[in-house]
Amino acid sequence: MLQEFKVHINNQFSFLNEKKLLVAISGGLDSVVLAYLCKSLKFDFSLAHCNFSLRDKESNTDETFVKQLAKDLDVEIFTKTFPTEKFAKKEKLSIQLAARKLRYNWFEEILEREALDYVLTAHHADDNLETLLINLSRGTGIEGLTGIPPLNNNIVRPLLPFSRKIIKAYALEQQINWREDSSNASTKYLRNKLRHDVIPVLKDINPNILQNLNTTISNLNDTKSIVVESLKAVLKRAVISKTEGETVYRISEFKKIDVPKAYIHEIFKVYGFTAFNDIVDLLDAQSGKIITSKTHQLLKDRETLILTKIDTKKEFEIVVNSLETIKTPLGKLVFEKVSNVGIVENNSIFVDAKMLNFPLTVSSKQEGDYFYPSGMNGKKKISKYFKDIKLSLIAKEKALILRSSNQVVWVINYRLDNRFKVTKSTKKIIKISLI
């Protein structure tokens, strides 16, 4: 196996020879063998062990084992104990997801603190098959059929071509000791159930299933590259505008596609959407209809779809005590004295200074808000004004109001209130601008 591992590293990961590495070590067969292989290749590496406090004394014995292993290999080791169950409960995660989050966050901390380059994990071919079956059982697209990525940012998985059988044979041949995790014998978790009950049957049916899986994954990754290029072409035509918090899509471009659901799945899955048929229906829905995921919302606004991140912050109020510059979610609001009225644009107003009573406030629109729109007769509810100018629901939610003594001075970026405008009798003028 050592010679095959060398060839694999030289073909796929030759850059590792010049880097500082962190090997994730559990004490189990796979990670221990990976550590020995790295030593044989004379890599510059350290070990990192997570004690998840899930198996009482067994977890502590694992930690003692890997510390001794580090001494035997003459490498540095980092260890950390995590209150995994407490963290999982707090974050409302499964134990597996909580452990994964804790593990990789800690690895990132070590990389940054110790100036290391890559984390090596011991995922192998059997893990890849298990992951593929898990994804299939839950429903997936092409992304879920391409298995565990060999290289994902700074995470490297150099054992993926090797089966557990080959790894174990090498460990026995080299008289390498490892720890057995008792939880691996339990079929409580889906991965273990597949490992013990399903995969042996598949291997019995086809002894070459792991080799065939690697071939299939390679073919699917080639197909995936075609999908990516096609997606880029559609997005280039469909995206009208894109800012930090909002992307606007042209609906007509999705309707031109023979199978819009396939593209919608690939485009919107990264934003947490799963009800892709609902998004397809949104293309022909009434303007104003919204579909949400846990993190984003998608609004049908006439001939467009508007994607925005859901703002979980509560309504706020900013106090303006004097002529100053303040920060708002829409930008900087600048107050300054001027001698005359300049060019009037949507992002600035000129007001009669004597009409303002400090402190002023900037806040979200409130139910029942009304004002006297400049250039119009009488008063109007702000909600009606927004409807008249055909403002999207998302833009309405983002709108901010400048007030003086609870009176609307400015629907920021839209319209000044008549009561505060500059007149012939105005002696002092204040310009307010949104930058």
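How exposed is R195 in relative accessibility? At 26%, R195 counts as partly exposed (buried is under 20% relative accessible area, exposed over 50%, partly exposed in between, with a 1.4 Å probe and protein chains only).

A note for every view: this is a predicted model, where local features need pLDDT of at least 70, side-chain atom pairs count only at pLDDT 80 or more, and totals for chains, interfaces and linings use all residues. Residues are numbered from 1 along each chain as its sequence is written, and side-chain values use heavy atoms, leaving out hydrogens and water.

**View 1. R195 pairs up with E130.** Their side chains meet in a salt bridge at 2.9 Å, N to O (a side-chain nitrogen of Lys or Arg within 4 Å of a carboxyl oxygen of Asp or Glu). The pair links helix α9 (residues 190-205) to helix α6, 65 residues apart (helices are DSSP runs of H or I, at least four residues, and strands are E runs of at least two, numbered from the N terminus). E130 is buried, at 2% relative accessible area.

**View 2. D30 reaches R164.** Here the closest N and O atoms of the salt bridge are 3.3 Å apart. D30 sits in helix α2 (residues 29-40) and R164 in helix α8 (residues 164-173), so the pair ties together parts 134 residues apart in sequence. D30 is buried at 16%, while R164 is partly exposed at 32%.

**View 3. R403 meets D369.** This salt bridge comes in at 2.2 Å, N to O. R403 belongs to strand β19 (residues 400-404) and D369 to the loop between β16 (360-364) and β17 (370-371). Both R403 and D369 are buried.
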